[in-house]
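Subject: Structure for you, with notes on salt bridges

Hi,

Here's the structure I promised to pass on. Have a look, and then read my notes below.

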Amino acid sequence: MARRRLERALLESRSREREEAAQGPAQLRIRYQVPLSGDPHGIYSLRFAPAGGCLAAGFGNGAVQIVNVATASLHSSLFRGHRTRHAITALAYHPGRPSLLLAVGADGIISLYSMDSETPLATVTALAGCSPCVCPTLEKENEINAMDFCMDGSTYATAGKDRHIRLYDSHTNQLSHILQAPNFMTGDVTPSSGHSRRIFALRFHPRERHMFLTAGWDDCVKIWDKRMAKEAQRVINGPHICGPGLDIQGNCVLTGSWVPHNALQLWDLRTSQLQKNLPFPGGPTQGQFLYAARFCDQDIVMAGGSGTSGASAIHTGTNQVLGEILLPNKPVQAVAVAPSGRVVAVAGVGGNLHIADLH
């Protein structure tokens, strides 16, 4: 009797294994397309809340709206936008205080919002006459393209048009240090110096408190230690980044470049060497031209851009495309992944917010 039970259990186990193998890895399934009032201005940034239940969206007119992921409905409008405001280029929730949301824009404004209020708790701005503000000349004439918190939330960093990287104390919103961009007139440009062209992506390592990466138009990724005064620790040469096309998981760096071929790549963080080119779907006349790229987990990445006007989930081990989200001839400008790694959001020109899951 015991032997028959064991044989039956073995047969059932093998049957399950065959069924799982036949099913293959997770597939991407669109759950909702979410219309929002700011859609005509386009969505330039997305970020899931730490608990995954809410999704923040940043618009071209400076508006910030919160979407309830479960119901695909508007939860709140933190800022309704204004004709004088520019695009919200990056959003980040405070790691230790998830009710706080940081938003930065191409007009040089940094705003800290509370989920319980539509009034910014603090605004750091480079624009004269903008109130309330902490320091009215903090990022004068800069267009902020990228921002992120370090893993414990004690520091956040910004970067953009002027190529300087600014580190802020998140408790006071005061500038604590500037990693200066190289001065071409004095000839102080070296591989370990700052970027030579605009910066479009900045990501702190999720497990290393002091490490962060930056990338932009100068075809490289710089690896920094925020404790160092001015020099990058290492450089990855090659990626041409024009949006939030940079992510880190463990010792692996993901880049999404605005180039026609081999746009989606994996790099070794320790050696700065290319690990793999990931195939991105698209016809030979379209090109790939990626703006955004994110890890879902160690085996799946999500990326999108203007080449195919869509975003795809790709298995890094098998190169299999797990699914696509196609916008109606509109470029994808933002991709976000929930902390679970199983829910994703995609948006871009004309809004076109889609929420999907990997199942």
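Below is what turned up when I went through the salt bridges.

A bit of background: this is a predicted model, where local features need pLDDT of at least 70, side-chain atom pairs count only at pLDDT 80 or more, and totals for chains, interfaces and linings use all residues. Residues are numbered from 1 along each chain as its sequence is written, and side-chain values use heavy atoms, with hydrogens and water left out.

Searching the whole structure gives 12 salt bridges (a side-chain nitrogen of Lys or Arg within 4 Å of a carboxyl oxygen of Asp or Glu). One of them pairs D148 with R47, with 3.4 Å between the closest N and O atoms. That pair links distant parts of the chain, 101 residues apart: D148 sits in strand β10 (residues 144-149) and R47 in strand β2 (residues 43-48). Strands here are DSSP runs of E, at least two residues, numbered from the N terminus. D148 is buried at 4% relative accessibility, while R47 is partly exposed at 22%. For the cut-offs, buried means under 20% relative accessible area, exposed over 50%, and partly exposed in between (1.4 Å probe, protein chains only).

Next, R209 and D152 meet at 2.8 Å, N to O. They also link distant parts of the chain, 57 residues apart, with R209 in the loop between β14 (199-204) and β15 (211-216) and D152 in the loop between β10 and β11 (155-160). R209 is partly exposed at 40%, and D152 is partly exposed at 35%.

Then there's R227 with D225, at 2.7 Å. R227 is exposed at 58%, whereas D225 is buried at 15%.

Cheers

Technical notes: Helix = DSSP H or I, 4+ residues; strand = E, 2+ residues; numbered from the N terminus.
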